[in-house]
Amino acid sequence: MSDDYIRLIPTDPAWQPKPHDAAAAVAYVTGLFAGPGDDVWAVEAQFYDRPTVVDAGMYLERITCPRCGADIALDWLGDLVRANSTGFDRLDARVPCCNAVGSLTDVRFEDPIGFARFVVSAMNATRAKYELDTEELTQVAGLLGHPVMQIIARY
């Protein structure tokens with residue numbers, strides 16, 4: 001059986017909220033899955049010392065270079081993650097296609113992934129509209145004090 005996740009991360013990979021703001025965001029997201037027929041196994045906040053990859057699991061299908069547009073093998077990301085298992089000190093990387101060095105935040109990942117020191121994660125959530133909409137993301141951003149993006153993952 002697979003597990004599905006909705007993960008919300010700050011748009012700035014180095015940014016972290018105050019703990020009470022994180023708790024407010026967790027409470028809000030939990031409430032989004034509290035209606036009739038809705039469910040969520042767990043909603044939690046995770047803090048990391050360094051930017052960590054927040055991936056899409058089996059939803060990640062394609063990586064393309066921001067400089068030359070070439071496809072990059074998925075193994076390239078796997079190798080980077082294994083080499084930085086406890087988080088990234090720097091988000092610079094050399095792409096294998098054209099040898100350019102740039103930020104991992106500029107690489108095009110389909111479905112999106114991100115890098116963050118903070119994550120709100122909802123595991124195995126169920127509701128009529130699964131993903132959070134723009135208004136809900138804006139509400140989370142307001143509670144945290146920083147814009148967020150949504151990463152959908154399946155493992």
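The model is predicted. It contains an open sheet of 4 strands in the order E2-E8-E1-E9 and an open sheet of 3 strands in the order E4-E3-E7. The largest pocket has a volume of about 190 Å³.

**The sheet of 4 strands**

- Strands pair in the antiparallel sense in the sheet ordered E2-E8-E1-E9.
- Its edge strands are E2 (42–54) and E9, each of which pairs on one side only.
- On average, neighbouring strands of this sheet are turned by 25° against each other, with direction ignored.
- Strand E1 (residues 4–10) runs antiparallel to E9, and 7 bridges join the two.
- Within this pairing, Asp4 stands opposite Arg154 of E9.
- E1 also pairs with E8 in the antiparallel sense, over 4 bridges.
- Here Arg7 stands opposite Ser121 of E8.
- Although E9 is an edge strand, E9 (residues 148–154) is mostly covered, with 5 of its 7 residues buried.

- Helix H3 (residues 134–144) lies across E1, E8 and E9.
- H3 runs at about 120° to E9.

- E4 (71–72) and E7 are the edge strands, and each pairs on one side only.
- Strand E3 (residues 62–64) pairs with E4 over 2 bridges in the antiparallel sense.
- Thr64 has Asp71 in E4 as its bridge partner.
- Helix H2 (residues 74–83) lies across E3, E4 and E7, running at about 85° to E3.

**The largest pocket**

- The lining of the largest pocket consists of 14 residues.
- Those that lie nearest the centre of the pocket are Thr105, Ile113, Gly114, Phe115 and Met149.
- E1, strand E7 (108–110) and strand E8 (114–123) are the elements that give two or more residues to this lining.

How values were computed. Residues are numbered from 1 along each chain as its sequence is written. This is a predicted model: local features need pLDDT of at least 70, side-chain atom pairs count only at pLDDT 80 or more; totals for chains, interfaces and linings use all residues. Side-chain values use heavy atoms; hydrogens and water are left out. Buried means under 20% relative accessible area, exposed over 50%, partly exposed in between (1.4 Å probe, protein chains only). Two strands pair if DSSP finds at least two bridges between them. On a 1 Å grid over the protein atoms alone, a cavity is a set of points where a 1.4 Å probe fits but cannot get out, and a pocket is an open set with protein on both sides within 12 Å along at least five of seven lines; lining residues have an atom within 4 Å of a point. Grid points are joined across faces, edges and corners, and a volume is the space filled by probe spheres set on the points. Axes are lines fitted to C-alpha atoms, for helices over the stretch in contact, and angles run from 0 to 180 degrees between N-to-C directions. Contact means heavy atoms within 4.5 Å.
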